[in-house]
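Trainee: Could we go through this structure together? I'd like to learn where the labels come from.

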Amino acid sequence: MKPGFVTSYKRLRRSVTAALLGLFLASTANADAYGDVNRLIRANKLADASVKVNSYLASNPRDPQMRFLKGVIQTDEGQAADAAATFTALTREFPELPEPYNNLAALYANAGEYDKARTALEMAIRLNPDYAIAYENLGDVQARLAGESYAKSQRLESSNPRLGPKLALIRQLFIAPTAKRKGAGASNPPAAMAPSTTDSAAGAASVADPGAGKPAR
């Protein structure tokens, strides 16, 4: 997938604890379970991770962090509809958490639903005004929306000399980082990284080129 839309889950456990005013406190056993699933996701052992998640949720069905991890696995397995349902349920049951909104926005963006992605990201930022990655993602979404507008204008008025450079600039924003990573011999990061008790690295999910018409999943 083309990197470009960042998903981050490193603040989830802190956010859960603060938002629920201490009602959700992970025990050592819970922390170990989260860590085990996180390591399996990092190793791309998604089937094994899913087994552990489902086993844990069988006895702890409302645990928001493990449900969040389930959404991460579903995203990585390409189960976009299931992942969206998981994150949407979290936003309804735990509306004070910003991270599920960010993940949901990544799924919307992958589907070319940039207006929905923007709304979700604005909610994430409203919940956490210091959510740097959500601001970055919102900038990306706004750039995609601008690209769609420029492309539509170009179709309607192909002789307009101002539109070509604008479209080229927006495309370059997303093409250049990909080329740089490939040139350095780095592999693309996974579509999502699971949260752990320590800060985890950010992953990336792709969004289609705005100048090529409305993207499809």
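Trainee: What makes the pair Asp63 and Tyr56 a polar contact?

Mentor: This is a predicted model, where local features need pLDDT of at least 70, side-chain atom pairs count only at pLDDT 80 or more, and totals for chains, interfaces and linings use all residues. Residues are numbered from 1 along each chain as its sequence is written, and side-chain values use heavy atoms, with hydrogens and water left out. Now, a polar contact is a pair of N or O atoms within 3.5 Å, where one must be able to donate a hydrogen and the other to accept it (residues adjacent in sequence count only if both atoms are side-chain atoms). The side chains of Asp63 and Tyr56 make such a contact at 2.7 Å. The side chain of Asp63 also has a polar contact with the side chain of Tyr34, at 2.7 Å.

Trainee: Where is Asp63, and how do you know that it has no salt bridge?

Mentor: Asp63 sits in the loop between H3 and H4; helices are DSSP runs of H or I with at least four residues, strands are E runs of at least two, and both are numbered from the N terminus. A salt bridge needs a side-chain nitrogen of Lys or Arg within 4 Å of a carboxyl oxygen of Asp or Glu. For the buried Asp63, the nearest side chain of opposite charge is Arg67, 7.8 Å away, so there is no salt bridge. For charge, Lys and Arg count as positive, Asp and Glu as negative, while His and the chain ends are not counted.

Trainee: Why is Asn103 called buried?

Mentor: Buried means under 20% relative accessible area (exposed is over 50%, partly exposed in between, with a 1.4 Å probe and protein chains only). Asn103 has 3%, so it counts as buried. You'll find Asn103 in helix H6, residues 99-110. Across the protein, buried residues make up 47% of the 217 residues.

Trainee: What makes a group of residues a nonpolar core?

Mentor: The residues must be buried Ala, Val, Leu, Ile, Met, Phe, Trp, Tyr or Cys, joined through side-chain atoms within 4.5 Å. The largest one here has 24 residues, and Val37, Val53 and Ile73 are among those with the most contacts inside it. Helices H2, H3, H4, H5 and H6 each give two or more residues to this core. Apart from it lies another core of 15 residues, including Ala109 and Leu138.

Trainee: Which residues does Val53 touch?

Mentor: Leaving out residues up to four places away in sequence, Val53 touches Val37, Met66, Leu69, Lys70 and Ile73. Contact means heavy atoms within 4.5 Å.
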